[in-house]
Amino acid sequence: MKAIPDAGPGLDRWGRRLGDGSEGSLFMAAYRHWWRVEWEGLEHVPRAGGALLVANHAGMMPVDGGIVQYGIEAELGRRVFSLAHHGFWRFPFAGTALSRIGGVVAHPDNAQRLLGEEGALVVVFPEGEKGPVKPRSERYRLQRFGRGGFVETAMRAGVPVVPIALMGTEDTTPVVANLELGRHRFPLTLNALLFGPVLGSIAWFPAKIRARVLPAVHFDEPAGQEHYPRSATMDHAERIRGDMQAALDELIAARGHPWWG
Amino acid sequence: MRRVVVLGAGRPLGARVLAALEALPGVERAIGLESRPGFIPDDGPGIECLPWSPDHRAFAERLRKDEIDTVVDCALVEARTGARARTPGADVIAAMCVGAAVAHDDSPVRGWVVVSSTDYYPASSYRPLLHREEERVGDFATGPAETIAEAEEYVRAIAERKPHVEVAILRLQAIVGAGFRGALAELFSRDRIPVCPGFDPAVQMLHPDDAVAAIVWAAEVGLTGVFNVASSGLLRLGEAVRRAGGRRAVALPFAPPVGRAALRALGLAPVAGELYDLLRHGNAVDAGKLARAGFEARRTQVDCLAARDA
């Protein structure tokens, strides 16, 4: 990748602040001491070249994005980007703040550029918003993985998918009730009930978080195709979902109290 | 390319392209045309007034008579090539008329370079960091992007129908340099630069030298296809505003109608709509395809800011 000389001081071309050690330091303190994040299977994350990291998504103001992104960066010293819904960039400060910490508009071309051209690690949550807003009865049940678009993204870029099962993230903001307003679902979290809607959205409980990296899934399909058969991408997506669910069940079964692990 | 016509030769870009073509050793004849006498500057004696639209017969006849082998159209998109700041948009009728003349059975034209604009890519939050040429946006385009997509579509149809004509569409990024009046040129020439607080998109400009060099090069080598053109590098808007002289910025309100009204009140009326979107989402493109075809931009984004009208 050719360096771009005049991208501006301290920012890369994605608008991300270049690591000066201070970024996410408060978050990393919580990562180590509040959630006591532990990783298994980090050897499955490629040490060079692009890979699409997929994880389960849950909790209001989900912390899982930060856990995976900063966690892998801290553990492996590789930069990781997160794909986020473009709606954040419609509003002042929200999108810019995300850009500064490694968020990128979830546009297929951006995914190709990061994975294929820059050989970067990219995190996506295939459940999308279905993860965070699911009812309490669906705890640690993975929701539908869209239409398998993430598999297609990885195939097109010629990179593997690395599934990650996250245990404990849902217990940082346990849902106690589901409010429905028209077509929208608003899960009421215990945090919001105790601390109110504002503080409650960032007052995460100190649940023990364990992350298990599953073996990377490589695809035989050639990279750079315009279309991939929907049947193949759906099959792969479904299998990856199944493997993640199995790993998640195992992690949950093996833990004691959600807070003490 | 031996005998060439430049459309829009009275406007800043066309005039510079005409001069550059005249200076080429292989070029026997370079004719500068304008559609209206008003476009011909007082110091431009070499430029003729010969409208090519809406009636293209005189123009087609001229192409035949002078055995023109290459047409360079610098007049398709107003804001990029015009002397005045105007709402950008392509002249679809003109594209059809030039196309009809070029595609005529006894037309001697073998090369057609069309100067389009990166306004082809509509501004929105759902956008890649850098637009690529193959991105399909025309179906959803509105405003300036719609007319540009329509004009390009017509040009592409001619290219398909007349394979013996080499047709290049160059999507030029916003030109910033002395004498040019696009949205970004207007913005950075201000004493107090309006910005949308909380937005810091990537901005990209095109230096007039790179613009002229790319157009002339495309005509020379007989380039075919659609290409983005931009000077090298990428700046974040905040950084560009700082580099534009460290002048004071003016914060615009977030509500889009109010923000656009504020831009109009600041004297940026003709480009207010386009500029407000640019200030929030940017319009940067990937010029890699042109680089792989063999053209390298020699100027950087910082050079563009240095060349602007202060």
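Modeller: Two residues are in contact if their C-beta atoms, placed from the backbone, lie within 7 Å. Keep in mind that this is a predicted model.

Colleague: How many residues does the contact take from chain A and from chain B?

Modeller: Chain A gives 21 residues and chain B gives 22 residues. On the side of chain A that touches chain B, helix α4 (residues 108-117) of chain A supplies the largest share, 3 residues. By class, that side of chain A has 9 nonpolar, 7 polar and 5 charged residues.

Colleague: Now the sheet in chain B. What is the strand order?

Modeller: Strands of a sheet pair through backbone hydrogen bonds, either parallel or antiparallel. Here the open sheet has 7 strands in the order β3-β2-β1-β4-β5-β6-β9 (chain B), with parallel pairing.

Colleague: Why is one side of β3 and of β9 of chain B left without a neighbour in the sheet?

Modeller: Both stand at the edges, so each has a single partner strand. From one strand to the next, the twist averages 25°. For β3(B), 3 bridges join it to β2 (residues 29-34) of chain B. There, B:E34 stands opposite B:C49.

Colleague: Which helices pack on these strands?

Modeller: Helix α1 (residues 12-22) of chain B touches β1, β2 and β4 of chain B, and its direction makes about 170° with that of β1(B). Helix α5 (residues 144-161) of chain B lies across β5 and β6 of chain B, at about 160° to β6(B).

Colleague: And the core?

Modeller: In soluble globular proteins, nonpolar side chains tend to be buried together. The largest nonpolar core here has 162 residues, and B:L170 is among those that touch the most other members. Helix α7 (residues 208-221) of chain B brings the largest share, 8 residues.

Terms used:
Residues numbered from 1 in each chain as written. Chains lettered and ligands numbered in written order. Predicted model: local features only at pLDDT ≥ 70, side-chain atom pairs only at ≥ 80, totals over all residues. Helix = DSSP H or I, 4+ residues; strand = E, 2+ residues; numbered from the N terminus. Nonpolar A, V, L, I, M, F, W, Y, C, P; charged D, E, K, R; others polar. Core = buried A, V, L, I, M, F, W, Y, C linked by C-beta atoms within 7 Å. Buried ≥ 20, exposed ≤ 12 C-beta atoms within 10 Å, placed from the backbone. Pairing = 2+ DSSP bridges. Axes fitted to C-alpha atoms, helices over the stretch in contact; angles between N-to-C directions.
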